[in-house]
Amino acid sequence: MKGSILLLGLSMLTACTSVTSVNSRQDGHLSLTSRARWDIVSWNHVRSAGFKEAQAYCHKQHKEMHAVDVHSEGLRGVTAQTVEVIFDCI
């Protein structure tokens, strides 16, 4: 029973963010953007979703993700939060 409740809670948090596909930048790095779908989602959760997607992308290529920079916008409860993760797969 506890496991079911935990799983439901985690799936609800996952539905709270969206992550774009990975894009190549002109400077040679890769980037993606994660966004909160609701104003109540924490910045840390939005950032974490972006990092997990970047790590999964690099893992598919049998490489490690190296974060180059992180840009964020928005304020919890006031404006939509977005986090851009700039990274390399090495």
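This is a predicted model: local features need pLDDT of at least 70, side-chain atom pairs count only at pLDDT 80 or more; totals for chains, interfaces and linings use all residues.
Visitor: How many helices and strands is that?

Guide: The protein has 2 helices and 5 strands.

Visitor: And how many of the residues are buried, as a percentage?

Guide: Buried residues account for 28% of the 90 residues. The accessible surface comes to about 6,200 Å², and carbon and sulfur atoms hold 56% of that surface.

Visitor: What share of the contacts joins residues at least 24 apart?

Guide: Among contacts between residues at least 6 apart in sequence, the share is 51%.

Visitor: Let us turn to S3. Is that strand mostly covered or mostly open?

Guide: Strand S3, residues 30-36, is mostly covered, with 6 of its 7 residues buried.

Visitor: Which strands pair with S3?

Guide: Strand S1, residues 17-19, pairs with S3 in the antiparallel sense over 3 bridges. Strand S2, residues 23-24, also runs antiparallel to S3 and is joined to it by 2 bridges. Strand S5, residues 82-89, pairs with S3 through 6 bridges, again in the antiparallel sense.

Visitor: What stands opposite Arg35 in these pairings?

Guide: Ser18 stands opposite Arg35 of S3, and in S5 the bridge partner of Arg35 is Thr82.

Visitor: What lies between S2 and S3?

Guide: The two strands form a hairpin with 5 residues between them, and in this hairpin Gly28 takes a positive phi near 95 degrees.

Visitor: Which other residue has a positive phi?

Guide: His62 has a positive phi of about 60 degrees although it is not a glycine. Most residues other than glycine have a negative phi.

Visitor: Is His62 buried or exposed?

Guide: His62 counts as exposed because its relative accessibility is 78%, and the cut-off for exposed is over 50%.

Visitor: Changing topic to H2, what is its span?

Guide: H2 has 18 residues and reaches 26 Å from its first C-alpha to its last, close to the 26 Å expected at 1.5 Å a residue.

Visitor: Which residues of H2 are buried?

Guide: The buried residues of H2 are Val46, Ala49, Gly50, Phe51, Ala54 and Cys58. Their cover includes S1, S3, S4 (65-73) and S5.

Visitor: Why does Lys52 count as exposed?

Guide: Lys52, which is found in H2 (residues 43-60), counts as exposed because its relative accessibility is 54%. Lys52 is 13 residues from Met65 in sequence, and their C-alpha atoms are 9.7 Å apart.

Visitor: What does Phe87 touch?

Guide: Leaving aside residues up to four places away in sequence, Phe87 touches a set of residues including Leu30, Ser31 and Leu32, along with Ala54, Tyr57 and Cys58. Met65, His66, Ala67 and Val68 are also among the residues that Phe87 touches, as are Val22 and His29.

Methods. Residues are numbered from 1 along each chain as its sequence is written. Side-chain values use heavy atoms; hydrogens and water are left out. Helices (H or I, at least four residues) and strands (E, at least two) are DSSP runs, numbered from the N terminus. Buried means under 20% relative accessible area, exposed over 50%, partly exposed in between (1.4 Å probe, protein chains only). Contact means heavy atoms within 4.5 Å. Accessible areas come from the Shrake-Rupley method with a 1.4 Å probe; for residues, only the protein chains shown count as cover. Two strands pair if DSSP finds at least two bridges between them. The expected span of a helix is 1.5 Å times one less than its number of residues.
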